[in-house]
Amino acid sequence: MEKLRKLGHLFAAVLLYGMASFMVVPAITDVTMSALCPGKDECSLAIYLSGLQQAIVGFGTVILTPLIGNLSDEYGRKALLTIPMTAAIIPLVILAYSRETKFFYAYFVLKTLAAIVGEGTINCLALAYVADNVPGTERVSAFGILSGVLSAAFVFGTLAARFISTALTFQVAAAVSMVAVVYMRIFLKESIPLADESAQPILKGSETDVDQNDSNSVEKTRVFKKIPSIGDLISLLRSSKIFAQAAVVAFFNNLAEGGLQTSLLYFLKARFHFNKTQFADLMLIVGVAGTLSQLVFMPLLAPVLGEKRLLSIGLFVGFSNMFLYSLAWAAWVPYATTVFSLFVVFVSPCIRSIASKQFGPFEQGKAQGCLSGISSFANIVSPLIFSPLTALFLSDKAPFPYPGFSLLCIGLALMVAFVQSLMIRAVPQSTVKEVFTEDA
């Protein structure tokens with residue numbers, strides 16, 4: 001518990017940042033529809049534009065997230081956190097000023113650039129910060145608490161959006177995001193990973209001999225670059241079968257999450273005429289359930305069931321959730337299925353914990369960055385698949401009457417991830433040491 005208390009300022013900074021980010025989610029669909037298709041409940045242009053943004057962001061984060069994660073191993077987590085958290089402020093300020101069409105397009109461009117820098121990066125650096133300060137045996141609970149803090153941010157942000165106007169929503173979000181940066185810079189202590197004398201390197205790289213107490217004592221160590229290449233990422237995947245399996249699960253899970261981000265709100269808008277208030281109500285219920293699960297149930301269940309079983313449970317329940325969503329026949333069905341959120345939220349922290357245990361302290365930023373990069377690649381692919389499907393099956397040109405067909409396909413992606421999760425064997429604790437140096 002003492003180690004978790006040391007993470008208090010990180011959790012507070014993440015909470016504030018998350019509140020600012022999630023506060024605008026219930027409103028952004030209505031803002032987008034009003035700017036692009038005024039007076040309509042179905043707008044293919046809005047769906048395609050959102051998908052385009054997601055694909056561009058995914059492509060950018062595939063490159064930047066592993067880079068920033070790797071640089072944080074050298075320069076520290078706090079220093080690198082400052083960049084994406086600051087970039088996130090600018091788009092919010094624009095919509096806080098005006099939501100007219102020309103300002104919306106300016107927001108769209110700057111939000112895309114800010115998301116390239118920050119989407120995935122902040123989560124990656126926060127996870128690496130936790131891994132720096134919590135031993136492997138306690139990480140799944142710590143990762144669960146971090147996810148719980150994000151769920152709490154989701155709840156508080158959505159609750160604020162529920163009761164304030166759209167204009168005030170963006171103004172408050174911009175102010176909170178500024179407070180988050182200032183708080184982080186003042187109170188969060190820098191975290192740079194320290195060598196663990198009991199560890200051995202797990203990654204494959206160029207090897208050099210290191211003389212120790214005498215000339216006969218030679219230890220093999222690995223040398224890695226600060227800026228990872230595709231070869232470095234492939235080396236990471238090859239270094240551990242379990243990590244490679246976790247990466248596959250992460251890909252399909254994020255493929256589904258990206259599809260959900262692209263499709264769900266537009267599906268509810270077209271199918272049941274949801275507005276900002278109803279979006280906020282639904283998100284609030286989901287957020288409360290997720291927060292309760294991650295902060296209370298997960299720390300209790302993880303030591304008993306282990307992250308592997310929790311991962312499989314979360315993925316199977318996620319598939320069931322999407323299947324029911326796709327068949328939703330009344331506006332109350334999405335509310336009823338929120339009970340599944342108690343289990344779905346297990347997935348991400350379990351994947352991160354399984355991956356974290358495969359590497360030593362100097363590799364946490366690289367490993368989490370690699371995993372975030374793979375997740376970002378899924379976010380490139382996702383809108384290319386689900387945006388056209390959603391637009392097609394919500395239009396009058398659908399080949400057969402099934403408005404929720406894209407949600408069913410999202411569920412199938414979760415089923416693939418579930419099957420892969422069953423193939424992950426026992427999760428061993430890494431006992432490695434690494435020595436990082438720069439390439440000449």
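**Close-up views of a predicted model**

Figure 1. The residues of helix 7 that are buried are F104, Y107, F108, T112, A114, A115, I116 and G118. Helix 7 runs over residues 101–118, and at 1.5 Å a residue its 18 residues should span 26 Å. Its end C-alpha atoms are 25 Å apart, which agrees with that expectation. After helix 7 comes G120, which has a positive phi, near 95 degrees.

**Figure 2. The whole chain, as background to the close-ups.** The chain has 440 residues, and 56% of them count as buried. Its secondary structure comes to 18 helices and 2 strands. Among the contacts in the chain with a separation of 6 or more, 83% are between residues 24 or more positions apart.

**Figure 3. Helix 8 and its buried residues.** How many of the 13 residues of helix 8 are buried? The number is 10, so helix 8 is largely enclosed by the rest of the structure. These buried residues are T121, I122, C124, L125, A126, L127, A128, Y129, V130 and A131. From its first C-alpha to its last, helix 8 reaches 19 Å, close to the 18 Å expected for its 13 residues at 1.5 Å a residue.

**Figure 4. Packing of helix 5 against helix 8.** Two packed helices are described by the angle between their axes and by the distance between those axes. For helix 5 (residues 77–87) and helix 8 (residues 121–133), the axes come within 9 Å and cross at roughly 160 degrees. An angle over 145 degrees counts as roughly antiparallel, and helix 5 and helix 8 are therefore roughly antiparallel to each other. The crossing in which helix 5 passes helix 8 is left-handed. On the side of helix 5, the contact is made by R77, L80, L81, P84 and M85; on the side of helix 8, by T121, I122, L125, A128, Y129 and D132. By class, the residues of this contact of helix 5 with helix 8 are 8 nonpolar, 1 polar and 2 charged.

**Figure 5. Packing of helix 4 against helix 12.** The axes of helix 4 and helix 12 (residues 241–272) are 10 Å apart, and the two helices pack at an angle of about 160 degrees. That angle makes helix 4 roughly antiparallel to helix 12. The crossing of helix 4 and helix 12 is right-handed. Helix 4 contributes A46, I47, S50 and Q54 to the contact, and helix 12 contributes G258, G259, Q261, T262 and Y266. Sorted by class, the contact of helix 4 with helix 12 has 3 nonpolar residues, 6 polar residues and no charged residues.

**Figure 6. T29 in helix 3.** The residue in this view, T29, is part of helix 3. Is T29 buried or exposed? Its relative accessibility is 3%, so T29 counts as buried. Apart from neighbours within four places in sequence, T29 is in contact with L265, Y266 and F279.

**Figure 7. Y97 in helix 6.** Y97 lies in helix 6. Y97 has a relative accessibility of 65% and therefore counts as exposed. In sequence, Y97 and Q171 are 74 residues apart; in space, they are 7.8 Å apart, C-alpha to C-alpha.

**Figure 8. A174 in helix 10.** A174 is found in helix 10, which covers residues 166–187. With 4% relative accessibility, A174 counts as buried. Leaving out neighbours within four places in sequence, the residues in contact with A174 are I89, L92 and V93. Y17 is 157 residues from A174 along the chain, and the C-alpha atoms of the two are separated by 9.9 Å.

**Figure 9. L15 in helix 2.** L15 is found in helix 2, residues 8–23. Its relative accessible area is 23%, so L15 is partly exposed. Which residues does L15 touch, not counting residues up to four places away in sequence? They are V149, A152, A153 and F156. L15 and L150 are 135 residues apart along the chain, and their C-alpha atoms are separated by 6.1 Å.

Definitions and conventions: Residues are numbered from 1 along each chain as its sequence is written. This is a predicted model: local features need pLDDT of at least 70, side-chain atom pairs count only at pLDDT 80 or more; totals for chains, interfaces and linings use all residues. Side-chain values use heavy atoms; hydrogens and water are left out. Axes are lines fitted to C-alpha atoms, for helices over the stretch in contact, and angles run from 0 to 180 degrees between N-to-C directions. Helices (H or I, at least four residues) and strands (E, at least two) are DSSP runs, numbered from the N terminus. Angles under 35 degrees count as roughly parallel, over 145 as roughly antiparallel, 65 to 115 as roughly perpendicular and the rest as oblique. A crossing is left-handed if the near helix is turned anticlockwise from the far one by less than a right angle, and right-handed if clockwise. Contact means heavy atoms within 4.5 Å. Ala, Val, Leu, Ile, Met, Phe, Trp, Tyr, Cys and Pro count as nonpolar, Asp, Glu, Lys and Arg as charged, and the others, Gly among them, as polar. The expected span of a helix is 1.5 Å times one less than its number of residues. Buried means under 20% relative accessible area, exposed over 50%, partly exposed in between (1.4 Å probe, protein chains only).
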